[in-house]
Amino acid sequence: MKDRTSNSRPPRILYLAFFFPPSRSSGVYRARATAEQFAAAGWDVTVHTAPREFYTKYIGSVDESLEAGLDPRIEVSRPGMGYFRWREVREYGRFRANMPVLANVGYNYLQRHFFPEHYASWIPHVVARALRQHARKRFDLILATGNPFASFAAASWLHRLTGVPYALDYRDSWTLDLFSEQDKYPAGHPAWAWERRAIEGAAVTAFVNEGLRAWHAERYPAAADRMMVVPNGWEPEILGRAKYPGPAVGRPLRFGYIGTLTESQPLSTLFDGWRAAKAHPELADATLDLYGHLGFYKETAHKMVARIPADAGLGVSHRGPLSKTEVGQTYQSLDVLVFLAAGAKYVTSGKIFEYMATGKPIVSVHAPGIAATDVLEGDPLWYGIDRLDPQSVANAMVAAAKTARDLTEPEFDAALDHAERYTRANTLGPFEQRLREVVEQRSGR
């Protein structure tokens, strides 16, 4: 099936983003921003994402505010999927209820021989719907973002069936364990063959940091010249432009964290470091406010509550999640931001870009040398740590507190200048341009 875009119409892109508003997955901000960036740049954008009931019923992970204000030019389509992995016992069909072992054997067989991911059932639904849409009005490019990596498989299949070029956006790593920095799967696992097929067939593959690009370029050298880095960023239209708050004098300092709290973050180190910092006169009456969901799924919330010392007399409070419209005002109300992150050298958190855009002092609470530090380098209000332990965290908190007390407008402006490099328009602009070139080269424009 030949596919050539006409000079008389905008390029048409099919964006495969399983996690998309109203999901509140960690990658949804990048997905939302990507769709809006392409729409703003004049593309005809169709998004394929998960069924709404997957977010609301099966994983309980929804933020309706993320859907509000989505560019109306973006067409959102929700192909179906199977829920074998997520169904409760009372929802089992007759076959599975009566022969659960045989049902599991069949499911595991498909995992090994079709696609090795629980989201595999989404693939045929995406492919079928995309083929119908393509027959009515041709796509010029397919862009898939992962995880899950079922989107990559769907893009690869659609390329085979239509000839439409595709690009990949790695928000996460498929075969590399970001926390242990070891291979996620044993040799011979089908994920390796699938990843090679997807990357080597892609016109462009993007990664969120240079470390991940280099790791994949070494493993898949045949595609290295088609790889690029597309950092995360922040949205001025959501966060607003920060205004100089002046020195924080004559009142208790407010430290704060905004983001999802998870089991993988160094929470014990944070709270032990906070306890040590409270011994300093500058922080004796300071507070630490935590904003955000407790885990990404409803079943993890109760585990997180027990880890927050809200009743220990330390001024620590969990304030709950924020709507999109509340985020900017909450940042403005804080004096020092705590950057709490899990992982090792390949990890870049999306939240750090928002933190920098506030012009406030930032305290790192994470392992030294993670990829996020590449972004923070050059921010004059960043207080990093040489090792992840309570005393190092406490020292950084005290230093940041002193800066908040004496913050000058030139310091504030220098921090904002650094953050400006990472607006979504600046980070996604080169990616959009590169994909436009792919379409133009193919169509002979």
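Let's start where two helices meet: Trp192, Glu195, Arg196 and Ile199 in H7 touch Trp215, His216 and Arg219 in H8. Helix H8 covers residues 210-219, and its axis lies 11 Å from that of H7, at a packing angle of about 100°. An angle from 65 to 115 degrees counts as roughly perpendicular, and H7 and H8 are therefore roughly perpendicular to each other.

The mean pLDDT of the chain is 92, and 97% of its residues reach 70 or more. Residues 1-6 are another matter, with pLDDT below 50. That stretch still has 22 contacts in the model beyond near neighbours in sequence. Where pLDDT is low, the predicted coordinates should not be read in detail.

**The seven-stranded sheet**

Seven strands build an open sheet with parallel pairing, and their order is S3-S2-S1-S4-S5-S6-S7. At its edges are S3 (75-77) and S7 (227-229), each of which pairs on one side only. On average, neighbouring strands of this sheet are turned by 20° against each other, direction ignored.

Within the sheet, S1 (residues 12-16) runs parallel to S2 (residues 44-48), and five bridges join the two. Tyr15 has Val47 in S2 as its opposite number. Helix H1 (residues 28-40) packs on the sheet, where it touches S1, S2, S4 (141-146) and S5 (166-170). The direction of H1 makes about 175° with that of S1. Since angles over 145 degrees count as roughly antiparallel, H1 and S1 fall in that class at about 175°.

Strand S8 (residues 254-258) runs parallel to S11 and is joined to it by two bridges, with Phe255 standing opposite Val336. Four bridges link S11 to S12 (residues 362-365), again in parallel, and here Val338 faces Val363. Together with helix H13 (residues 351-357), S11 and S12 make a right-handed β-α-β unit.

**Backbone details worth a look**

Most residues other than glycine have a negative phi, and most peptide bonds are trans. The table lists three places to check against that background.

| Site | Backbone feature | Location |
|---|---|---|
| Pro21 and Pro22 | cis peptide bond, omega about 15° | Pro22: loop between S1 and H1 |
| Gly146 to Asn147 | cis peptide bond, omega near 25° | Asn147: loop between S4 and H6 (150-162) |
| Glu181 | positive phi of about 60° | Glu181: loop between S5 and H7 (190-201) |

Is Glu181 buried, exposed or partly exposed? Its relative accessible area is 29%. Buried means under 20% and exposed means over 50%, so Glu181 counts as partly exposed. Glu181 has its positive phi although it is not a glycine, and its loop leads from S5 to H7, the helix that meets H8 through residues including Trp192 and Ile199.

Notes:
Residues numbered from 1 in each chain as written. Predicted model: local features only at pLDDT ≥ 70, side-chain atom pairs only at ≥ 80, totals over all residues. Heavy atoms only, no water. Pairing = 2+ DSSP bridges. Right-handed = clockwise from strand over helix to strand, strands pointing away. Axes fitted to C-alpha atoms, helices over the stretch in contact; angles between N-to-C directions. Contact = heavy atoms within 4.5 Å. pLDDT = per-residue confidence, 0-100. Buried < 20%, exposed > 50% of the residue type's maximum accessible area, 1.4 Å probe, protein only. Parallel < 35°, antiparallel > 145°, perpendicular 65-115°, else oblique.
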